[in-house]
Amino acid sequence: MMIEYLKRLEKTPKIGSDKIKGVSESEIEKVEKKFNIVFPKSYREFLILAGENRGALPMMDTADLETISSDWHQEIMWEELQDTGTKIDRPFWLFAESNGCEIFYFFYLDEEKADPVVHMVNYAQEDRKRNVRSLEISFSEFISEMIDLAYRYEKEGY
């Protein structure tokens with residue numbers, strides 16, 4: 001696959017001692033078939049480059065394709081959404097999460113954009129409630145910001 005959106009990630013395979021590692025096209029197609037979805041091109045590029053190991057990119061706790069697409073992980077996500085009354089009424093893909101899906105990044109699958117806008121589910125003021133909001137940046141911009149943050153953390157610490 002020719003990298004179009006994540007050229008910066010392609011040129012940054014290692015930050016500090018942490019290296020990214022991708023997954024194969026066939027692994028991506030297997031997940032798409034399992035969920036009857038098609039990933040946007042920018043996310044496919046991410047998976048090809050860093051779908052197994054995101055290296056130093058500070059993208060919450062879990063972002064690898066194998067875990068994110070597992071049946072048990074999907075079940076945890078849907079239970080968390082139901083338990084907190086969080087409504088996401090459009091088809092979406094969670095691509096990174098923390099604390100058993102209490103907070104996560106996602107994009108909508110029905111936008112049919114090669115480089116979709118990133119959204120986040122995060123804690124609200126009320127106990128057990130969640131906010132759903134747009135980060136108002138594309139997936140490729142999000143990854144670029146994560147690269148910047150990884151370099152800053154390497155230089156200054158967390």
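Predicted model: local features only at pLDDT ≥ 70, side-chain atom pairs only at ≥ 80, totals over all residues.

Visitor: What is the strand order of the open sheet, and in which sense do its strands pair?

Guide: Strands of a sheet pair through backbone hydrogen bonds, either parallel or antiparallel. Helices (H or I, at least four residues) and strands (E, at least two) are DSSP runs numbered from the N terminus, and two strands pair if DSSP finds at least two bridges between them. Here, four strands form an open sheet in the order S3-S4-S5-S6, with antiparallel pairing. Strand S3 (92-98) and strand S6 (130-138) are at the edges with a single partner strand each, so one side of each has no neighbour in the sheet. Neighbouring strands are turned by 25 degrees against each other on average, direction ignored, where the axes are lines fitted to C-alpha atoms (for helices over the stretch in contact) and angles run from 0 to 180 degrees between N-to-C directions.

Visitor: How many bridges join S3 to S4, and which residues are partners across the sheet?

Guide: Six bridges join the antiparallel pair S3 and S4, and Leu94 has Phe106 in S4 as its bridge partner. These two strands form a hairpin with four residues between them, and Asn99 in the turn has a positive phi of about 55 degrees. Strand S4 (residues 103-108) pairs with S5 over three bridges; Phe106 is partnered by His119 in S5, and Phe104 stands opposite Val121 in S5. Between strand S5 (residues 117-123) and S6 there are six bridges; Val121 has Val132 as its partner in S6, and Val117 stands opposite Ser138 in S6.

Visitor: Why is S4 described as largely enclosed?

Guide: A residue is called buried under 20% relative accessible area, exposed over 50% and partly exposed in between, using a 1.4 Å probe and protein chains only. Six of the six residues of S4 are buried, so the rest of the structure largely encloses this strand. Ile103, Tyr105 and Phe107 cover one side, and Phe104, Phe106 and Tyr108 the other, all of them buried.

Visitor: Which residues have the most contacts inside the largest nonpolar core?

Guide: A nonpolar core is a set of buried Ala, Val, Leu, Ile, Met, Phe, Trp, Tyr and Cys residues joined through side-chain atoms within 4.5 Å. The largest one has 49 residues, and those with the most contacts inside it are Leu9, Tyr43, Phe46, Met59, Trp93, Phe95 and Phe104. Helix H6 (139-156) is one of the elements that each supply at least two residues, and its seven residues are the largest share.

Visitor: How many residues of H3 are buried, and what do they pack against?

Guide: Eight of the 10 residues of H3 are buried, so this helix is largely enclosed by the rest of the structure. Its buried residues, including Tyr43 and Phe46, pack against helix H1 (7-10), H2, H4, S3, S4 and H6, with contact meaning heavy atoms within 4.5 Å.

Note on methods: Residues numbered from 1 in each chain as written. Heavy atoms only, no water.
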